[in-house]
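Work through the exercises below with the model open beside you. Try each task before you read its solution.

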Amino acid sequence: MRAIYLIARREYLSYVATWGFWLSLASVPMFMALGFGLPILIEQSQPTRYYVMVDETGGELEAAIADGLRQAALAIQEDALEAMQEMTGENPQLRAAMEQNMPDVDVEHGFVRVTDLPDTSLEALRPYLNETRFLSTPEGEQPLFAAIYLRRNGEAIEMDYWSTNLTNPGLRESIRRALRDFQRRERLVTAGVSPEVVDAVNALEPEIRELNPQRSSDSAEITMADRLPVFVAVGVAFGLWIIIFSVVNMLLTAMIEEKGNKVLEMMLSSSRHHEILTGKLLGVAAVSFTLLMVWGGISLGGGVAAQQAAAAADMPIGDILGAVLDPGLLLPALGYFVIGYFMYGAVFLAVGSLCDTLQDAQTLMSPIMLVMMVPLFLVMVAADSPDSPIVTFASWVPFWTPFIMLARLPQEPSQVEILTTTGLMIGTAILVIWGAGTLFRMGALNQANQETVKNWFRFGKKTATG
Amino acid sequence: MAETILQLEGVTKRFKNKTAVNDVSFTVERGQITGFLGPNGAGKSTSLRMSLGILTPDSGRVSLFGKKPRTTGLDRVGFLPEERGLYRRMKVIDVIVFFARLKGVEPGEARRRGLKMLEEFELAHAAEQKVKELSKGMAQKVQIISTLIHQPEFIILDEPFSGLDPVNQKALERIVRAQAEAGRTLLFSTHVMEHAERLCDKIILIAHGNKIFDGTVEDALAEVPRRVLLETASEHDLLALLDAFGEIREEPAREEGTRAWSLDLAGRASAQDVLKACVDAGVKLTRFEPVRAHLHDAFVHLVETSGRPVAEVQ
């Protein structure tokens, strides 16, 4: 036990004392922050874009666009008010305050219409569009982003949209939608439908209720809270895969490095093979638990903070946290993690002990990587079709059970299935760890290498040629 | 009677179709320096690994301190493997403390001893350096400190002199002697006979996995025929004159007008008897040189007489 503890401790400290570990630790919150913050930052840092709109109908289409955009903005604001109401309950004072403080409606955030140019013909605007002339703006000299010409051709509406920008469709699409709605409404009114009826028709929305036949009619309605465990289980299975994959790679590289350092024989004079193997596995397991705790803590903290924020009011953060912390998912996830980690970790350690370089290891790793990649895809299938025969079959393959069975848990597979697959997985893990220990013993003393393993799979070839 | 620290009885170890060690038996007694000699690939490292329980013999029995090698017994052993290495990214003192703790030394005591030994080995300045920053010689010293830090009763050194320059070889010889004087038992393997000849109380010779000698250095040297080299400037036929003293052969002469001879003395014959016979017969001797045998010669002779092919011996 002393040797196992000391080896595990040394392994743990050797990882946490590296820059790489702290970078890994920071990477997840960093990517999360980047994922959320970058689009906002990009949007905020985008320069104001100026456009000219020329309505050749004398203002009819211009007014229609303004009205359409206002309606669209009001719909978004109404959604936000409803979300706020869901979070805070009915609060007329707050609602009134929010309605009063609604921002002015713009065509698209970051776009400003220029109305003071004396000549708005295309020939006059072309130098501004081609950036050979510039507009005087509060931000200094700026090019013209777009020039829009609107006209009628009978009942049809035509828009010429001149711009050198080929990738930002925001302005064009906002105007197109507004004109489309106007055109449809106009046609219906022309056909004799009253404007009130048109508005009422546009507001129509079917009421769909999704119901679970296994429940009584009072509580049969399926809500987001019912679906969440499925998504959360798939997410946790993904997380498990990522963590196991990351840390077993640490084991592989550390083992190869240690073999290169020729330190193993010295260790073997103080401890036994199984103690070294177990110590290393436990040390790296402690590293992964540290990662889990920190990432989990950050996610939990982030979730709680997000719950407090009005911006996230339409996200069921509380339900997500509840689903993640549900012991029915959390405890099996821990169990699957431990078994999956030891199973794959032992294999990676054994491979490392057989190889002198990472290049050597790659040959042996390729088939193992293929085996490891399968559950990654099947977990995605399990999210859509948890009852798929392929998913069910795959959950019986002991190497994939930790991930796929976890993803299937919210679907409540039978107890027999859960217990049998778990038993098979534990049995396989014991066999794998035993086999890996044997290989590790041989590899550590250079009595076996990658060729030894390759030769195991060459019987057929030998028979054929021999 | 001295206590037996290590005993191998009829130990055999095979790898695939190759027999690395074949029915080898020997003992290491307390307080002795035992040399385990043989050419590369003779089975020395395999025998040492079996002695520590790192490898399990296919047949035969190994006992360390009177018991099957176990981790608890290993706390009393210091082992310097042939393939030496340390954790390169650790600090020197931390590596030493780590290996000491593996052997059961308390952390504070391990650190105290480590710093003291670093001072003795003139490496005190490197205590906080990382191993990867050390020169090869310094790293080897750290490895030796890691082997001795827990003050083991029994020290096993596998090819300790390989890779060391002559100065460090001398330094290591001094360490071996100092440990022996401190009452420790030492077993070291080497394929360089000179070290064993200078240091060992007892030697075990092994070739192709078979033990071919087990005894003192003097015993081994006694196995080699004593030889006398002669050169004559007269026409005497030494083949006839000295035949009774042993096996005599004529060798190529070094100078014109002389003849050279080599005589392997038989059982009781002495060099003095040969010299007297030559003087009595009026032989004009230009050279008379009794040759002192070395362990190298003993090894070659023992392998030859064991009927096994002579391997490369330095």
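This is a predicted model: local features need pLDDT of at least 70, side-chain atom pairs count only at pLDDT 80 or more; totals for chains, interfaces and linings use all residues.

Residues are numbered from 1 along each chain as its sequence is written, while chains are lettered from A and ligands numbered from 1 in the order in which they are written.

**Exercise 1. Chain B in outline**

Task: Find how many helices and strands chain B has, and what share of its residues count as buried.

Solution. Start with secondary structure. Chain B has 11 helices and 13 strands. Both are DSSP runs, numbered from the N terminus: helices are H or I with at least four residues, strands are E with at least two. Next, burial. Of the 314 residues in chain B, 40% count as buried. A residue is buried if 20 or more other C-beta atoms lie within 10 Å of its own, exposed if 12 or fewer, and partly exposed in between, with C-beta atoms placed from the backbone. Last, contacts. Two residues are in contact if their C-beta atoms, placed from the backbone, lie within 7 Å. Among contacts in chain B with a separation of 6 or more, 68% link residues 24 or more positions apart.

**Exercise 2. The side of chain B that touches chain A**

Task: Count the residues in contact, then say which elements of chain B supply them.

Solution. On chain B, 20 residues are in contact with 16 residues of chain A. Now sort the chain B side by element. α2 (71-74), β5 (77-80) and α3 (92-102) of chain B each supply at least two residues. The largest share, four residues, comes from α3(B). Then sort by class. This side of chain B has 12 nonpolar, two polar and six charged residues. Ala, Val, Leu, Ile, Met, Phe, Trp, Tyr, Cys and Pro count as nonpolar, Asp, Glu, Lys and Arg as charged, and the others, Gly among them, as polar.

**Exercise 3. A helix pair in chain A**

Task: Describe how α12(A) and α15(A) pack, and list the residues that make the contact.

Solution. Helix α12 (327-354) of chain A packs with α15(A) at an angle of about 165°, their axes 9 Å apart. Axes are lines fitted to C-alpha atoms, for helices over the stretch in contact, and angles run from 0 to 180 degrees between N-to-C directions. The pair is therefore roughly antiparallel, the term for angles over 145 degrees. Now list the contact. α12(A) gives P332(A), A333(A), Y336(A), I339(A) and G340(A), and α15(A) gives P402(A), M405(A) and L406(A). By class, that is seven nonpolar, one polar and no charged residues.

**Exercise 4. Single residues**

Task: Is R408(A) buried or exposed? Where do E131(A) and Q151(B) lie?

Solution. R408(A) is found in helix α15 (401-408) of chain A. R408(A) counts as buried because 26 C-beta neighbours lie inside 10 Å. Beyond four places in sequence, R408(A) is in contact with A382(A), P386(A), V391(A), S395(A) and P413(A).

Now the backbone. Most residues other than glycine have a negative phi. E131(A) has a positive phi of about 65°. E131(A) sits in the loop between α5 (122-129) and β3 (135-137) of chain A. With 11 other C-beta atoms within 10 Å, E131(A) is exposed. Q151(B) has a positive phi of about 50°. Q151(B) lies in the loop between α5 (136-148) and β6 (154-158) of chain B. Q151(B) is partly exposed, with 15 other C-beta atoms within 10 Å.

Technical notes. Angles under 35 degrees count as roughly parallel, over 145 as roughly antiparallel, 65 to 115 as roughly perpendicular and the rest as oblique.
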